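Hello,

Here is the structure I promised to pass on to you. Please open it beside this email, and then read on for what turned up in it.

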Amino acid sequence: MLNIIIFGAPGCGKGTQSKLIIKKFGLKHFSTGELLRKEIEEKTELGVEADKYISKGNLVPDEMIINVIINAIQKLDANCKGIIFDGYPRTVKQAEELEKLMYKLGKSTTILIDLKVPKRELINRLLIRGKTSGRSDDNLETIKKRLDVYETKTTPVNEFYQSLNKYAAIDGLGTVEEVFGRIEAKLNE
Ligand code: AP5
Ligand code: MG
């Protein structure tokens, strides 16, 4: 199984690259952001609660998100070729929980791909997307907050996977195809 964590700051291209990786390697996509946005759209209890955090650029509490991912993994069908985790884990606690869960299921994460994009470019991409995305967090104030939260709460996840020897940094600048080419080369190694 190829179980990839696609990682990086808001706007680095996790969702965009996930689509290409899935097409090429036939993986199942788990995006906690998308799962939560679906809950918000459907106005479920979880969605209403999560939106309070998301619209302010904060992380949803670990307890809330860990159950989302456990439910999603347990629904996987047995002959699935692998998983791509997009936007999860975002805290060291989530990383520890993911590793425990995978171990319990007799699986393991293969690699964390860290997409590196400079801050100015991230803000630019998200502001452009904000014109049409309808996402409550794609405005300048919330984008800045998301970037701060990423720096303080999420970057330690990198060190966690470096210590497991499951880490690759990839330059996320350039065209979508160029970035994908770099990821593909790494995954083929
Ligand atoms: P989430 O949905 O995961 O959002 P994010 O991490 O802020 O990242 P984005 O989805 O905005 O960006 P992306 O990296 O996917 O880039 P994309 O491909 O879209 O999370 C949203 C919120 O949900 C969080 O803030 C949090 O509140 C909550 N949440 C989610 N998971 C959680 C968790 N595990 N724990 C706690 N809370 C959680 O690209 C961005 C734009 O750039 C697009 O318009 C795209 O077309 C464009 N683009 C992509 N690649 C390129 C390129 N190479 N060149 C030019 N433009 C490009
Ligand atoms: Mg995304």
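K43 lies in the loop between α2 and α3 (45–54). Have a look at its backbone: K43 has a positive phi of about 55°, although this residue is not a glycine. Please keep in mind that all of this comes from a predicted model.

Now zoom out to the whole chain. How many helices and strands does it have? The protein chain comes to 9 helices and 5 strands. If you walk along from the N terminus, the elements follow the order β-α-β-α-α-α-β-α-β-α-α-α-β-α. The radius of gyration of the protein chain is 16 Å, close to the 16 Å that the globule rule gives for 189 residues, so the chain is as compact as a globular protein of that length. Along the principal axes, the C-alpha trace spans about 40 × 40 × 30 Å.

Next, the ligand. Where does ligand 1 sit? You will find ligand 1 in the largest pocket. The elements that each give two or more residues to the shell around ligand 1 are α1 (14–25), α2 (32–41) and α6 (119–133). Of these, α2 provides the largest share of the shell, with 4 residues.

In total, 30 residues surround ligand 1, and the closest are T16, N58, R90, R129 and R146. Sorted by class, the shell holds 11 nonpolar, 11 polar and 8 charged residues.

- An oxygen atom of ligand 1 lies 3.1 Å from a polar backbone atom of G13.
- A nitrogen atom of ligand 1 lies 2.9 Å from a polar backbone atom of G87.
- An oxygen atom of ligand 1 lies 2.5 Å from an N or O atom in the side chain of R90.

And how much of the ligand is covered? On its own, ligand 1 exposes 1000 Å², and the protein buries 86% of that.

Enjoy exploring, and write back with any questions.

Best wishes

Notes: Residues numbered from 1 in each chain as written. Chains lettered and ligands numbered in written order. Predicted model: local features only at pLDDT ≥ 70, side-chain atom pairs only at ≥ 80, totals over all residues. Heavy atoms only, no water. Near = heavy atom within 4 Å. Polar contact = N/O pair within 3.5 Å; in protein donor to acceptor, adjacent residues only side chain to side chain. Areas by Shrake-Rupley, 256 points an atom, 1.4 Å probe, with all protein chains shown as cover. 1 Å grid on protein atoms, 1.4 Å probe; cavity = no way out; pocket = protein on both sides within 12 Å on 5 of 7 lines; lining within 4 Å. Sits in = over half its atoms within 2 Å of the grid points. Nonpolar A, V, L, I, M, F, W, Y, C, P; charged D, E, K, R; others polar. Rg over C-alpha atoms; globule rule 2.2 N^0.38 Å.
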